[in-house]
Amino acid sequence: MELLTLPLSTDDIWWIETFIDDWFLVIALALFVVELIRYAVKKEFTRGLLGDSVANFVTLAAFILLIALVTATYAGIFFYVYENFRIVELPLTPWTILCCIVLADLAYYWEHRFLHKNGFAWATHTVHHSSPHFNISVAYRHGPLDWLFPLFFHLPLAVLGFNPFIIFLSEVIVQVYQTLLHTETVKKLPRPIEAVFNTPSHHRVHHATNKQYLDKNYAGIFIIWDRMFGTFAKEEEKVRYGVFPRLNSVNPVKVFFSGYAKLASQLWQAPNWSYRWKLLVKPPIWAWQQEQMKK
Amino acid sequence: MKLIGSLITTTVIVGLVWSVAYAQIDLTKEDSNVVKNPPATQESKLPEATTLAVSDSQKQLKLNISGVSDRILLADIDELWQTFNNSALLHGKLVKQPNKVYVYYRNFEQDYLSADVSIGYADSLLSDSSFPLKRLDGSFATLLKRGSHTTSELAKAWQKIDYRQPVASIVEIHYLGDHSQSVASELLIQYR
């Protein structure tokens, strides 16, 4: 109990976040090398796979650059809301961090569901889903506005009294946990783990284009949210990855902007403003259905 | 589950988890031995753990204090008090009932808006010195004599500082009663 209520400083929390960020990338790269060896052993190591992986890391670099540009504003918004609108000040303790991780994961579930159900948001998230492969490098495949949407879903935590340093740490933990899920190396984990936590099996379903797996398993750390809210599907057949239509390119610039390029084209060709509005707010499947109806 | 049901369930879960986070504030208040406010009239008769020579205008201090420290804006002193009050680890190391809490200000910025501040007990009251030790040593002038003072009286006493002389440190001593309530306080200053 003493450990849970041990007072921490914002420097301590910042140090923990930076430590996790830095070392997790090293661990992920090491695991990726293991995956590449596995691909080579199974004779599945192709030029397309290599090009796709390189493109993934280039999008990561672009994402990091964007983060560097927007961090001050992003953090500033959190601190402004925290300083002026918080209902209580929760202490900087491990206890608070654990609670914030749970709530940040729940916030991530809803953010992720929104990314799949809104045309404008999908345009950035589709980049992550567009790879026909599934390995650790795909975890780092980012779209140009991936940094934007977490703001709206995590800002309420500042109102609830969680210090922004703790919110950012929780966001990082929710994200780096998911890095490990992007693999075909791990089949299924023991049932108690599969029941509560998000796992590689659950996340393969999320990335699937199999019809019964579409828009399922939005979880970050805890799969219990999907089970609770009716968006869970169990992996029972072989998964096919990617998006419709397939993005047949490993050009990192094309990959990074593919979602918004396609959205811009759709908006340009839209018959009226009502259609344009629906392209932005309705789920991406609506646009696909309209195109199928035209054909 | 329909969307509206999911959103309602989410709200309930958020409320529950937030309540769990909030509950630690009450738990640590029960463990804490210090209440910052209200003064009472009875003075503590617990034995001193440090050497003190008392006169009306000068006081000699020679002790180590152990507690929480940070460089803060003086306007944010309440946050450091909260950290001190919430420090279950520090209060768990007390070997006897404390009769004084020290607030030690030093290394002031030129504008006197920020400083290094420590809030703590005499280290003789703690089982070990795992929390940082700060040394109070020397002769201090009295800005506010020991007595039952309100917070605003304490704040007014700061206005008596002679800024023409460089200030080395300022010490607030809060005297505690049998139930750890603040019964008296005094303000001391050490010029360079």
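Colleague: What should I know before reading the values?

Modeller: This is a predicted model, in which local features need pLDDT of at least 70 and side-chain atom pairs count only at pLDDT 80 or more, while totals for chains, interfaces and linings use all residues. Residues are numbered from 1 along each chain as its sequence is written, chains are lettered from A and ligands numbered from 1 in the order in which they are written, and side-chain values use heavy atoms, with hydrogens and water left out.

Colleague: How many helices and strands does chain A have, and what makes a run count as one?

Modeller: Helices are DSSP runs of H or I with at least four residues, strands are runs of E with at least two, and both are numbered from the N terminus. By that rule chain A has 13 helices and 0 strands. Chain B has 4 helices and 7 strands, and along its sequence they follow the pattern α-β-β-α-α-β-β-β-α-β-β.

Colleague: How do you know that chain A and chain B are in contact?

Modeller: Contact means heavy atoms within 4.5 Å. By that cut-off, 25 residues of chain A are in contact with 24 residues of chain B. Helix H3 (94-117) and helix H10 (224-229) of chain A are the elements that each give two or more residues to this side of chain A. H3(A) gives the largest share, 8 residues.

Colleague: What area do the two chains bury between them?

Modeller: Buried area is the accessible area (1.4 Å probe) that two parts lose on being put together, summed over both. For chain A and chain B that comes to about 2,200 Å², with 74% of it on carbon and sulfur atoms. On the side of chain A, Trp95(A), Trp110(A) and Phe229(A) supply 22% of the area buried against chain B, more than any other three residues.

Colleague: How many salt bridges and polar contacts are there between the chains?

Modeller: A salt bridge needs a side-chain nitrogen of Lys or Arg within 4 Å of a carboxyl oxygen of Asp or Glu. The count between chain A and chain B is 0. A polar contact is a pair of N or O atoms within 3.5 Å; within protein, one must be able to donate a hydrogen and the other to accept it, and residues adjacent in sequence count only if both atoms are side-chain atoms. That rule finds 5 residue pairs across the interface, both residues at pLDDT 80 or more.

Colleague: Why is His202(A) called buried?

Modeller: Buried means under 20% relative accessible area, exposed means over 50%, and partly exposed is in between (1.4 Å probe, protein chains only). His202(A) has a relative accessible area of 3%, so it is buried. His202(A) lies in helix H9 (residues 200-206) of chain A. Leaving out residues up to four places away in sequence, His202(A) touches Glu194(A), Phe197(A), Asn217(A), Ile223(A), Arg227(A) and Phe232(A). The side chain of His202(A) reaches the backbone oxygen of Glu194(A) at 2.7 Å.

Colleague: Why are Asn107(B) and Tyr112(B) called partly exposed?

Modeller: Asn107(B) has 42% relative accessibility, so it counts as partly exposed. Tyr112(B) has 23%, so it counts as partly exposed too. Asn107(B) is in the loop between E3 and strand E4 (114-122) of chain B, and Tyr112(B) lies in the loop between E3 and E4 of chain B. Phi is near 50° in Asn107(B), a positive value in a residue other than glycine. In Tyr112(B), phi is near 60°, again positive in a residue other than glycine.
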